[in-house]
Amino acid sequence: VPLTDLNDLVFGGWDIFPEDVYEAACHAEVLNEKDLNGVKDELEAIKPMPAAFDQNWVKRLHGTHIKQTVNRWELTEAIRKDIRDFKEANKCDRIVVIWAASTEIYLPMCEEHKSLSAFEKAMKENREDIIAPSMCYAYASIAEGAPFIMGAPNLCLDIPAMWEFSAEK
């Protein structure tokens, strides 16, 4: 299978802090600075978009670079717009979204997660207690035809509503 040349890949994303990705990565301390320095120039060139963030889902972080929306539905629509704008600005043929954010608090599956219509209704009603920010990213990615890779043990994709939406798209 032919693969895209690495020089044709474009990276972007969201972060709850406005600094470039190198500064954010150093601050997060997931990787050592010596490991990041090999790609420092590339990471410094990436300026994050404001993130979908809710303090109630990640207790130890206090984001300042966040989207201001009325409800989870509008938040998801803002993420969708970011995906479309990024794709157009960078002349991308395809987009892949990877969740590489902090693990959210535990969320058990509930009735609103069992069908797409109930899930969408909960987003429009701003059910912040059962619609996690990661779910907004997943829904937006699926809606935009972008594969979504979950990099944390959140409930996010493992719900019938997301399976139904994925099958529909």
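Colleague: Why is Trp-14 called partly exposed?

Modeller: This is a predicted model, and in it Trp-14 has 22% relative accessibility. Buried means under 20% and exposed means over 50%, so Trp-14 at 22% counts as partly exposed.

Colleague: And Tyr-137, why does that one get its label, buried or exposed?

Modeller: Its relative accessible area is 5%. The limit for buried is under 20%, so Tyr-137 is buried.

Colleague: What makes Trp-14 and Tyr-137 an aromatic pair, and what kind of pair is it?

Modeller: The search of the whole structure finds five aromatic pairs. In this one, the rings of Trp-14 and Tyr-137 are 4.9 Å apart centre to centre, with 65° between the planes. Centres have to lie within 6.5 Å, and planes over 60 degrees apart count as edge-to-face, so this is an edge-to-face pair. It also links distant parts of the chain, with Trp-14 in strand E1 and Tyr-137 in helix H6, 123 residues apart.

Colleague: Helix H6 interests me. How do you know that H6 is largely enclosed by the rest of the structure?

Modeller: Eleven of the eleven residues of H6 are buried, so the helix is largely enclosed. Among them are Pro-133, Cys-136, Ser-141 and Ala-143. The cover over these buried residues includes E1, H4, E3, H5, strand E4 (148-150) and H7. Following H6 comes Gly-145, with a positive phi near 75°.

Colleague: Which residues have the most contacts inside the largest nonpolar core?

Modeller: They are Phe-119, Ile-131, Met-135, Tyr-139 and Met-162, in a core of 41 residues. Helices H4 (72-89), H5 (116-124), H6 (133-143) and H7 (160-168), along with strand E3 (97-99), each supply at least two residues of this core. H6 gives the most, eight residues. In soluble globular proteins, nonpolar side chains tend to be buried together.

Colleague: What is Phe-119 in contact with, apart from its neighbours within four places in sequence?

Modeller: Its contacts include Ile-131, Met-135, Tyr-139 and Met-162, as well as Glu-112 and His-113. Phe-119 also belongs to one aromatic cluster with Trp-73, Tyr-139 and Phe-165.

Colleague: Last one: why is Leu-9 called partly exposed?

Modeller: Leu-9 has a relative accessible area of 41%. That value falls between the 20% and 50% limits, so Leu-9 is partly exposed. Leu-9 is found in the segment before strand E1 (14-15). Together with Leu-6 and Phe-11, Leu-9 forms a nonpolar patch on the surface, with about 360 Å² of accessible area in total.

Terms used: Residues are numbered from 1 along each chain as its sequence is written. This is a predicted model: local features need pLDDT of at least 70, side-chain atom pairs count only at pLDDT 80 or more; totals for chains, interfaces and linings use all residues. Side-chain values use heavy atoms; hydrogens and water are left out. Patches are made of residues with over 30% relative accessible area and no salt bridge: like charges are joined within 9 Å, nonpolar side chains (Val, Leu, Ile, Met, Phe, Trp, Tyr) within 5 Å. Accessible areas come from the Shrake-Rupley method with a 1.4 Å probe; for residues, only the protein chains shown count as cover. A salt bridge is a side-chain nitrogen of Lys or Arg within 4 Å of a carboxyl oxygen of Asp or Glu. Helices (H or I, at least four residues) and strands (E, at least two) are DSSP runs, numbered from the N terminus. Buried means under 20% relative accessible area, exposed over 50%, partly exposed in between (1.4 Å probe, protein chains only). A nonpolar core is a set of buried Ala, Val, Leu, Ile, Met, Phe, Trp, Tyr and Cys residues joined through side-chain atoms within 4.5 Å. Contact means heavy atoms within 4.5 Å. Rings of Phe, Tyr and Trp (its six-membered ring) pair if their centres lie within 6.5 Å; planes under 30 degrees apart count as stacked, over 60 as edge-to-face and the rest as tilted.
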